[in-house]
Amino acid sequence: MPLYKTIKPNNYTTVYVWKIEESLNELSKDTPLTERSKNRLLSMKSEVHRRGFLSVRHLLKEAGYSDFNLYYNGNGKPHLTDKKHISITHSFTFSALIISDVEVGIDIEKNREKIKIIQNKFVNFERGFIHKDDDYIEQLTVIWGAKESLYKIYPHGGLTFKNDIDINSFQIADKKTTGFIKAEDWDKKYNIEFRQVDGFTLVYAIDPKAPLNND
C-alpha cells in the first residue's frame with residue numbers, strides 16, 4: 001500500500017509510517033540498495049524482517065531520500081548524508097521513521113500480553129504511576145517504546161532501560177510525556193509523543209531544543 005500515515009510533531013520534524021501489506025517481490029521492485037544493504041538483506045532469515053527492511057527504504061523515498069543517503073556509525077545508529085537526524089523502526093506489519101533537525105528516536109511495538117511478563121526488565125521509576133485500570137498493556141508498551149526511542153538517540157550504546165532511562169508520569173489519553181537519559185556523559189530531557197496505530201503503539205522522542213533559524 002502507499003504511505004500509511006504522515007505526522008508533523010513540529011515544523012522541523014516529520015514521522016512517516018508504512019503498513020506492510022506488499023509481498024517481498026513487490027517491495028523489492030524499483031528499490032536500489034547499497035552493497036551493504038544488499039548483504040544485510042541476504043543475511044536476514046525471516047521474510048518479515050526482510051519486508052520490514054525494504055519498507056523502510058520506501059519510507060526513505062517518501063521523505064525524499066534513498067538508501068544511498070543512509071549510513072550507520074559503529075554502534076549501528078543511522079545517519080543521513082545531509083546531516084539531518086533520523087531514526088528507524090519496524091515491527092511485524094508496520095515500519096516507521098522520523099527525520100528532524102534535532103535529535104530524535106522512534107519505536108513501534110505490537111501491543112502484546114507478553115510485555116507484562118518482562119516488565120521487570122525495563123520498569124523502575126515508572127512503577128510509581130502505572131495504573132492497572134488504564135490500558136495496562138498499552139502503558140507498559142509506551143514505556144518500552146519511549147525508552148527504546150531514547151536509547152536510539154544516545155550515540156554511544158550501552159545504556160540499560162531500567163537504570164539509565166526514566167519516563168515521567170502519563171496517562172494513555174495524554175498522548176505525550178517527557179523522558180530522561182541519565183548517563184555519566186549525557187543528562188538530557190526529551191519530549192515523548194505516542195499514539196495507537198491498529199493494535200500497535202507508536203512512540204517517538206524529540207529534543208525540545210528548537211533548531212536555530214539561519215535566515
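**Exercise 1.** Sort the residues lining the largest pocket into nonpolar, polar and charged.

*Solution.* The lining divides into twelve nonpolar, nine polar and six charged residues. Here Ala, Val, Leu, Ile, Met, Phe, Trp, Tyr, Cys and Pro count as nonpolar, Asp, Glu, Lys and Arg as charged, and the others, Gly among them, as polar.

Before going on: this is a predicted model, where local features need pLDDT of at least 70 and side-chain atom pairs count only at pLDDT 80 or more, while totals for chains, interfaces and linings use all residues. Residues are numbered from 1 along each chain as its sequence is written, and side-chain values use heavy atoms, with hydrogens and water left out.

Next, the place itself. A pocket is an open set of points on a 1 Å grid over the protein atoms alone, where a 1.4 Å probe fits, with protein on both sides within 12 Å along at least five of seven lines; lining residues have an atom within 4 Å of a point. The largest one is lined by 27 residues, and Ile 88, Thr 89, His 90, Glu 148 and Lys 152 lie nearest its centre. H3, S5 and helix H5 (136–153) each give at least two residues to that lining. Helices (H or I, at least four residues) and strands (E, at least two) are DSSP runs, numbered from the N terminus.

**Exercise 2.** In what order do the strands of the four-stranded sheet lie?

*Solution.* Start with the order: S1-S2-S6-S5, an open sheet with antiparallel pairing (strands pair if DSSP finds at least two bridges between them). Then check the edges: strand S1 (5–10) and strand S5 (85–91) each have a single partner strand, so one side of each lacks a neighbour in the sheet. Now look inside: seven bridges join S2 (residues 13–19) to S6 (residues 94–100), and Tyr 16 has Leu 97 in S6 as its bridge partner.

**Exercise 3.** Which residue meets Lys 19 in a salt bridge?

*Solution.* A salt bridge puts a side-chain nitrogen of Lys or Arg within 4 Å of a carboxyl oxygen of Asp or Glu. The whole structure holds nine. Lys 19 meets Asp 198, at 3.2 Å, N to O.
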